[in-house]
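Let's walk through this structure together, one question at a time. Have the sequence and the coordinates open as you read.

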Amino acid sequence: MKKYILAICALSAIAAGAKTYNYITIDLGDRVVSYPVNRVGKISFTEDDLSAEADYTLRYLTFEDADCKNTNYLGNDDWTSLVDSPQYGGPQLYGPDGYENSPYFWYDENNTELFAAVDPAGEGNVYWSGGEAVSNYVNSNYATETIDYTQQLASPHGGHNGSANFCVHNGYFDGVSYGVPSGGIEFADGVARTIDHMYVSLSAYQLSSGILGTAFSPAASATDWVKFIAIGTDADGNTKQVEITMCENGKFITDWVRWDLAELGDIVRLDFNITSSMTGTYGMTFPGYILYDDIAVRFPKE
């Protein structure tokens, strides 16, 4: 869980009867919270402290075994057994024959209630058509090593906040080669909820491609950019989207970054897309993946 530390350099004062209180206000976007303080110095608080100021609590999907509250489709009470091997063509994500009928899905039952599977509408019902794959692969040599799709599940730095596991989305739609969303996550119980935030990252494959270039995609120029897009669908089928820039002017973000999604409101499904200035005749040439971890979902206080 992220911890915030604020250095208090200047304090405001408000009068309350005969007393005067010092306080600091924090704008969280959807609300403003105030914390009283009695001296110049530091205060620290966590995301749970912030949610305590609202009418909801946060539940987290971390993909870590210690936080697992369900039995997965393999019959194991963990997340790590959902990491396929090899990364490309493995029996979980690509089926027993390596090219059709993947049995893969995950469900964070008894916690966030988020569910994901290999895209059933895609070609062969395997991961190359889109989906969400749990991973713990790491390759930090993206600036010096040519990394290709055979390492598609590798993070450049492991999971968020030093954790082991994370999830990898594969799939994009650009109206050229791919016309509809692929993969995505949804609330399996059908209840619309607000996804407060998650942490996202580029993959080792993406960073290697963008920095060194490949036979399919040249290295990023000084004007190139990459954006992740999240599309929320509410219970009535209405959609809204938010985006985050992961590369600007050819410079890539190489670490995990928080992505605030609360403005999407209560949704039943979240789809992902990747868009980039790096394109060719057949659409985007930049690899179409999103790494994500530590998804925070709002639940009403009991």
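Q: Over how many bridges do β10 and strand β21 pair?
A: This is a predicted model, in which local features need pLDDT of at least 70, side-chain atom pairs count only at pLDDT 80 or more, and totals for chains, interfaces and linings use all residues. Residues are numbered from 1 along each chain as its sequence is written, and side-chain values use heavy atoms, with hydrogens and water left out. Strands are DSSP runs of E with at least two residues, numbered from the N terminus, and two strands pair if DSSP finds at least two bridges between them. β10 and β21 (residues 289–300) run in the antiparallel sense, and the number of bridges is four.

Q: Which residue in β21 stands opposite N170?
A: Look along β21 for the residue facing N170. That residue is Y289.

Q: What is the bridge partner of A133 in β10?
A: β9 and β10 run antiparallel, joined by five bridges. Within β10, A133 has as its partner V168.

Q: Is β10 largely enclosed or open?
A: Buried means under 20% relative accessible area, exposed over 50%, and partly exposed in between (1.4 Å probe, protein chains only). On one side F166, V168 and N170 are buried, and on the other C167 and H169 are too. Because five of the five residues of β10 are buried, the strand is largely enclosed.

Q: Is A230 buried or exposed?
A: A230 lies in strand β13 (residues 226–233). Leaving aside neighbours within four places in sequence, its contacts (heavy atoms within 4.5 Å) include W259, L261, L264 and L270. Because its relative accessibility is 0%, A230 counts as buried.

Q: How far apart in space are A230 and L264, C-alpha to C-alpha?
A: In sequence, 34 residues separate A230 and L264. In space, C-alpha to C-alpha, the distance is 8.8 Å.
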